Amino acid sequence: MNLKRLFLKALAIVGVATAAPAAAEPILLDAGSVGESFTITFDGFVDGGPSIDGLGSELTLTLTGIENGVYTFDYTMTNTGADGDGIGSRVAGFAFNTDPDVDSATSTGTYGYTNTGSNYPNGIGTVDVCFQAQRTGSCAGGGSGGVFDGDTGSGTLSLDFGGTAPASLALDDFFVRYQSVTGADGVGSASGRQTSTSGGTTSGTDVPEPGMMLLFGLAVLGLAIGTRRRRPLAAAPARLAYA
């Protein structure tokens with residue numbers, strides 16, 4: 001493999017690594033998980049772009065019961081946007097995917113409205129279930145309600161799997177929705193992606209930052225070039241001796 005091909009291969013690795021943030025490990029639940037809590041932290045971004053300083057939130061889920069095909073949780077949502085940074089926001093809702101697929105969902109408290117199988121903004125795509133402060137026809141959010149900077153909302157939510165609870169459940173791909181954003185040039189609403197998860201079986205799984213993935217790709221490139229330079233030259237053929 002020549003240097004040009006090595007270079008292009010390393011660039012491809014960098015491109016794949018930085019195109020989207022790596023996913024955190026799913027939260028795994030079963031009957032032995034009742035009483036366990038899980039905390040998910042989020043950033044804020046628009047259209048797949050980098051994180052916006054001043055947008056942040058934290059969701060804690062506690063599995064409280066499994067009965068008749070239903071997994072029930074307590075939840076708290078905190079808007080962790082820093083006071084005094086000039087950025088304001090309202091966390092209007094949150095969403096995640098389930099495995100197996102959820103049949104329906106209900107919720108109470110701050111986020112008392114649900115949607116299933118709906119599109120989430122900023123390039124996220126379809127999510128299995130979302131919980132919102134305002135009743136809307138999709139997971140895009142809007143209206144009023146939610147949690148402002150420094151505040152916390154709470155309630156309960158239930159995931160119904162059609163009469164028979166699965167022996168195990170995975171929750172994955174967590175997102176939040178920010179509305180009423182102020183102080184960020186041209187940004188009125190944004191989404192947030194899962195940046196870390198702690199508690200239960202997740203063991204504090206962090207999502208690698210795009211910058212770290214770029215450094216990894218550059219390291220691969222350097223290793224490839226170094227290996228190429230150290231490759232020994234082939235021995236020259238022996239000269240024939242003539243009498």
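User: In this predicted model, how many of the 12 residues of strand 5 are buried?

Analyst: Happy to start there, with a model that is predicted. Strand 5 covers residues 88-99 and is largely enclosed by the rest of the structure. That description holds because the buried residues in this strand number 11 of the 12.

User: Which residue of strand 11 is the bridge partner of Gly 93?

Analyst: Strand 5 pairs with strand 11, which spans residues 168-182. The two strands run in the antiparallel sense and share 9 bridges. Within strand 11, Gly 93 has as its bridge partner Arg 177.

User: How far apart are the sulfur atoms of Cys 130 and Cys 139?

Analyst: A search of the whole structure turns up 1 disulfide. Cys 130 and Cys 139 form a disulfide, and with -90° about the S-S bond their link is left-handed. The cut-off for a disulfide is a sulfur pair within 2.5 Å, and here the distance is 2.1 Å.

User: Is Cys 139 buried or exposed?

Analyst: Let's take both cysteines of the link. Cys 130 has 0% relative accessibility, so it counts as buried. Cys 139 has a relative accessible area of 2%, and the cut-off for the buried class is under 20%. Cys 139 is therefore buried.

User: Moving to strand 2, which residue in strand 12 does Phe 42 stand opposite?

Analyst: Strand 2, residues 37-42, pairs with strand 3, residues 57-67, over 6 bridges in the antiparallel sense. There, the bridge partner of Phe 42 is Ser 57. Strand 2 also has an antiparallel pairing with strand 12, residues 190-198, over 4 bridges. In strand 12, the residue opposite Phe 42 is Gln 194.

User: What is the C-alpha to C-alpha distance between Asp 53 and Asp 85?

Analyst: Asp 53 sits in the loop between strand 2 and strand 3. Its relative accessibility is 70%, so Asp 53 counts as exposed. Along the sequence, Asp 53 and Asp 85 are 32 residues apart. In space, C-alpha to C-alpha, their separation is 8.5 Å.

How values were computed:
Residues numbered from 1 in each chain as written. Predicted model: local features only at pLDDT ≥ 70, side-chain atom pairs only at ≥ 80, totals over all residues. Heavy atoms only, no water. Buried < 20%, exposed > 50% of the residue type's maximum accessible area, 1.4 Å probe, protein only. Pairing = 2+ DSSP bridges.
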